[in-house]
Every structure is written in C-alpha cells, then in structure tokens.
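Could you walk me through this structure in my viewer? Tell me what to select at each stop and what is there.

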Amino acid sequence: MTERKPAGVSFESWVDKQIREAEQRGDFSALPGFGKPLPGLGRPYDETWWIKAKMQREGLSLLPPSLTLRKEAEDAGQAAAAAKTEAEVRRILSEVNEKIRKALLMPPEGPPLNLRPFDIEAAVGEWRERRGRV
C-alpha cells in the first residue's frame, strides 16, 4: 500500500482498486473478527464508544479508588454468598481482604473507604447455614 496514486486517476477509484486487490489476495481474511457481526451494531450511536471500549479493555474506572474498592467488596460479598464450595468462599473473601488491608494502610484517593476486612469464618458459617450444613 506504499505506492502513490497515479496522476489522472480519481482518489476513490484508486482506493477501491487497492481494497479489491487486497480482498482478492485474502489480506483481510486473517483479521480478528473476520466473518463475525460488528459488536454493538444494534445499540444507539455513542460518540465516546471507543473511550468506553478502551477503558473496559484496560480495566480502568472513572470512580475514585476508594469507591472502586467498595464496589469490589460488595461484589465479593455477593459472589461469596453464591459460591458453590467453602474453599471458593474463603478464596473470594481472602483476595478482597488483602486489597482492603492494603487500602487501610495507605488510604486511597477519594471519599473515605469505610470498609474493614470480611470476617471469613463468620461468612463461611453463614454460607453453611444457607445451605443447611453445619
């Protein structure tokens, strides 16, 4: 695609020719998503779609770190309640507890954290009760 547009040829027809030749060579068939529908095609147009997509891919958030951790702790509590095994409850809560402990040592930006680590043994006891196990 490094060749220059010849004089006397309209830009549109020159580009169309380049695309057609690339299609014939199969240059587009190895691209990710080839033959699949475009994601979000049925959604209304959003001018900032690319920013939102990049933030999602990068795992970024507009929330201050303290609110992000509060949300993560809330989600972890729900995930632990829905866990299938006691080991899974312990793993989920241990992971979020580590983040909470770090945040308590070095408070993150934003509103006050207002969190304390989960009592894993109490959570496991509640989990057992909900399932009729003791």
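Start by selecting Ser-66: in this predicted model, its relative accessibility is 0%, so Ser-66 counts as buried, the cut-off being under 20%. Ser-66 is found in helix H3, which covers residues 65-81. Now show what surrounds Ser-66: apart from neighbours within four places in sequence, the residues in contact with Ser-66 are Pro-108, Glu-109, Gly-110, Pro-111 and Leu-113.

Stay on helix H3 and select Lys-71 and Asp-75. The two form a salt bridge, with the closest N and O atoms 2.9 Å apart. Both lie in helix H3, four residues apart, or about one turn of the helix. Lys-71 has 40% relative accessibility and therefore counts as partly exposed; Asp-75, at 33%, is partly exposed too.

Next, move to helix H2 (residues 49-58) and pick out Lys-54 and Glu-58, again four residues apart, about one turn of the helix. Their side chains meet in a salt bridge at 3.3 Å, N to O. With a relative accessibility of 41%, Lys-54 is partly exposed, and so is Glu-58, with a relative accessible area of 47%.

For the next stop, select Glu-86 and Arg-128. A salt bridge joins their side chains at 2.8 Å, N to O. This pair links distant parts of the chain: Glu-86 sits in helix H4 (residues 86-105) and Arg-128 in helix H5 (residues 120-130), 42 residues apart. Glu-86 is partly exposed at 23% relative accessible area, as is Arg-128 at 29%. The structure holds ten salt bridges.

Now zoom out and colour by secondary structure. How many helices and strands does the chain have? There are five helices and zero strands, and from the N terminus the elements run α-α-α-α-α. The radius of gyration is 26 Å, well over the 14 Å that the globule rule gives for 134 residues, so the chain is more spread out than a compact globule.

The chain exposes about 10,900 Å², with carbon and sulfur atoms supplying 57% of that, while buried residues make up 16% of the 134 residues. Colour by charge to find 23 positive and 21 negative side chains; the centres of the two sets lie 2 Å apart.

Methods: Residues are numbered from 1 along each chain as its sequence is written. This is a predicted model: local features need pLDDT of at least 70, side-chain atom pairs count only at pLDDT 80 or more; totals for chains, interfaces and linings use all residues. Side-chain values use heavy atoms; hydrogens and water are left out. Helices (H or I, at least four residues) and strands (E, at least two) are DSSP runs, numbered from the N terminus. Buried means under 20% relative accessible area, exposed over 50%, partly exposed in between (1.4 Å probe, protein chains only). Contact means heavy atoms within 4.5 Å. The radius of gyration is taken over C-alpha atoms; the globule rule is 2.2 Å times the number of residues to the power 0.38. Accessible areas come from the Shrake-Rupley method with a 1.4 Å probe; for residues, only the protein chains shown count as cover. Lys and Arg count as positive and Asp and Glu as negative; His and the chain ends are not counted. The place of a charge is taken as NZ of Lys, CZ of Arg, CG of Asp or CD of Glu. A salt bridge is a side-chain nitrogen of Lys or Arg within 4 Å of a carboxyl oxygen of Asp or Glu.
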